[in-house]
Amino acid sequence: MTSAGQHRVRVLAAQATARPPPLLQPGACVGVTAPGETEAPLSSAWYASAAPRSAEPSAPVIRSQLQKDDIFHKRHAHNTELLKKLQEGLEWCKKGGGGKYVDLHRSRGKLLPRERIERVVDPGTGFLELCPLAGLGRYRGEVPSGGLIAGIGVVHGRECVFICNDATVKGGAMFPEGGAKQARAQQIAAENHLPCIYFVDGGGAKLDAKEGNSQKTASSSDGVPTVSFVMGGAAFKNQAVMSSKRIPQVALICGMCTAGAAYIPAMCDESVIVKNNGTVYLGGPPLVKAATGEDADEQELGGGVMHTSVSGVVDHLVQTEEEGLGKVRSILEHLAGRRPKESLVGMARPEPPKYDPDELLGIAPEDPTVSFDMVEVIARIADGSRFHEFKPHYDSALICGFAHLDGYPVGFITNNGKLNRKSAIKAVHFVQICGQRFVPLIFLHNTEGFTYDMEQQQGGIVKDVGRLVATVSCVPVPKFCVVCGSSLGDSGMAMGGKELDPRFMWLWPNARLSRNRTAWASTSTAHDDGVIDPRDTRLMLSRGISVAMNAPRQDGSFGILRM
């Protein structure tokens with residue numbers, strides 16, 4: 001393969017290839033229109049035939065230089081093995097507590113968390129689960145998904161955030177990883193104005209969990225207190241703030257809702273409780289007896305009949321979980337005051353990439369510190385593999401340009417190897433253009449950092465990178481981050497990394513976020529939004545952009561940028 005850092009002309013003339021018929025791919029945005037249909041039409045006087053004709057895309061098609069040689073096949077085999085590990089992890093987390101804990105759960109007429117979600121989302125739609133591998137390799141494998149399932153699904157045509165305790169995992173107690181996922185899900189809901197649906201079935205914070213020590217079990221009693229309690233308090237504040245911004249909060253109480261968790265339904269706009277299974281109280285019968293001497297059973301103290309007829313804490317009483325899930329759908333159907341999603345100028349009909357996404361497995365090297373040609377990645381993500389590269393002759397280390405992804409206009413920023421001053425200057429210019437045009441930014445990470453030799457430092461690289469960080473931080477457009485290789489040091493931050501709050505951040509299985517931090521280590525602590533199959537990159541980004549369009553457009557300004 002040609003060195004990734006060597007600049008080369010890689011495009012075909014746009015007129016050299018005929019545009020394939022429009023094809024809606026899985027996960028494609030709904031209601032996408034052809035160019036011009038979302039904008040005011042021009043006068044018919046401009047057209048010779050008195051009617052507009054559909055214009056062909058002008059952006060050139062990338063000419064792939066991928067060679068399916070021994071290196072390609074070796075990389076493909078390596079990444080296929082990583083995908084097997086990913087699949088094994090996903091199967092592990094779907095089992096929940098497994099065995100007798102699942103059997104006990106079902107004996108009470110209760111569904112598993114993911115089954116509840118399946119019954120609420122619209123038929124035929126997918127579910128974007130956040131960080132499903134949280135807890136992997138921790139607590140001796142006893143806390144799949146961190147004990148909490150979170151993600152985004154579509155209900156009555158509206159994207160919603162789901163936050164669900166898994167009562168089969170240590171009674172639904174909140175571990176640090178689960179707390180981090182809940183906080184992240186609420187952040188996504190707040191940023192993107194998505195309704196929150198809580199399936200509550202747990203006993204509050206796990207205060208004695210040994211945080212991440214794989215030598216201890218999840219039920220170890222000698223652990224240090226976790227931050228889960230504090231994180232739980234922040235979750236209640238998040239609910240209040242979101243409700244004040246007219247972001248609906250809805251809860252279904254499927255089981256125990258004790259201690260701090262009791263505030264979740266109490267702070268929702270509307271709530272539902274399952275008779276006999278659902279209970280809501282700050283202190284259970286033993287605690288009440290010890291504190292006051294009163295005898296009370298669970299139903300008297302916090303049962304569904306009492307809360308819907310006496311205390312008023314809960315709004316709807318249902319006989320079964322199935323009925324409760326239907327009630328949640330009914331609540332979502334009747335939400336009022338929904339604002340229309342933002343529309344982007346320059347939308348196009350979605351079309352698949354010209355090149356097979358399966359080839360991504362043969363592009364990413366076994367060693368994530370080895371640079372590889374990121375234009376080949378863009379060619380397998382962008383619509384029609386078309387790419388309008390920006391400043392192609394100014395610094396070949398940083399690659400940026402415009403494309404469409406599932407019909408959405410987007411700006412790609414990526415790199416081949418280490419970055420430098422010119423890389424930062426080029427990126428700042430491009431990010432500002434995307435901000436002016438309200439074009440979502442997609443950062444594809446493949447960087448080992450910036451070059452810090454004497455020439456670069458005397459030239460002011462600190463200032464230039466600072467300007468890039470400031471620009472990416474303040475640009476008022478949705479930002480998305482996919483770590484395709486290495487994302488090391490300050491270059492990972494400057495390239496729209498986690499520190500700069502991208503709307504979503506996903507990792508390929510081969511990714512490395514520091515010299516010693518693999519994708520698996522990162523996702524086990526819920527540091528990201530999940531490890532994904534590289535072939536699903538386009539699907540995930542399309543869903544992410546669709547989610548981001550629920551938020552109102554913001555006007556942004558930049559602080560002082562040092563010259």
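## Aromatic pairs and their surroundings

Tyr263 counts as partly exposed because its relative accessibility is 38%, where buried means under 20% relative accessible area, exposed over 50% and partly exposed in between, computed with a 1.4 Å probe on protein chains only. The model is predicted, so that local features need pLDDT of at least 70 and side-chain atom pairs count only at pLDDT 80 or more, whereas totals for chains, interfaces and linings use all residues. Residues are numbered from 1 along each chain as its sequence is written, and side-chain values use heavy atoms, with hydrogens and water left out.

Rings of Phe, Tyr and Trp (for Trp, its six-membered ring) are taken to pair if their centres lie within 6.5 Å, and planes under 30 degrees apart count as stacked, over 60 as edge-to-face and the rest as tilted.

| Aromatic pair | Centre to centre | Between the planes | Class |
|---|---|---|---|
| Phe236 and Tyr263 | 5.4 Å | 55° | tilted |
| Phe504 and Trp506 | 5.1 Å | 5° | stacked |

Phe236 counts as buried because its relative accessibility is 16%. In the other tabulated pair, Phe504 is buried at 0% relative accessibility, and Trp506 is buried with a relative accessible area of 0%. Elsewhere, ring pairs link Phe127, Phe162 and Phe199 into a cluster.

## Packing of α12 and α14

Two packed helices are described by the angle between their axes and the distance between the axes. Helix α12 (421–437) and helix α14 (residues 461–474) pack at an angle of about 25°, with their axes 9 Å apart; the axes are lines fitted to C-alpha atoms over the stretch in contact, and angles run from 0 to 180 degrees between N-to-C directions. That angle makes α12 roughly parallel to α14, a term for angles under 35 degrees.

In the contact, defined by heavy atoms within 4.5 Å, the residues of α12 include Ala424, Val428 and Val431, and those of α14 include Ile461, Val465 and Leu468. The residues of this contact divide into nine nonpolar, two polar and four charged, where Ala, Val, Leu, Ile, Met, Phe, Trp, Tyr, Cys and Pro count as nonpolar, Asp, Glu, Lys and Arg as charged, and the others, Gly among them, as polar.

## Positive phi in loops

Most residues other than glycine have a negative phi. Asp406, however, has a positive phi near 55° and is found in the loop between β12 (398–405) and β13 (408–415), where Asp406 is buried at 2% relative accessibility. Phe438 likewise has a positive phi near 55°; this residue is placed in the loop between α12 and β14 (441–447) and is buried at 9% relative accessibility.

## Burial and overall arrangement

Helix α3 (residues 113–120) is mostly covered, with six of its eight residues buried, among them Arg114, Glu115 and Arg116. The protein has 17 helices and 18 strands, and 53% of its 563 residues count as buried. Among contacts between residues at least 6 apart in sequence, 75% join residues at least 24 apart.

Notes
Helix = DSSP H or I, 4+ residues; strand = E, 2+ residues; numbered from the N terminus. Parallel < 35°, antiparallel > 145°, perpendicular 65-115°, else oblique.
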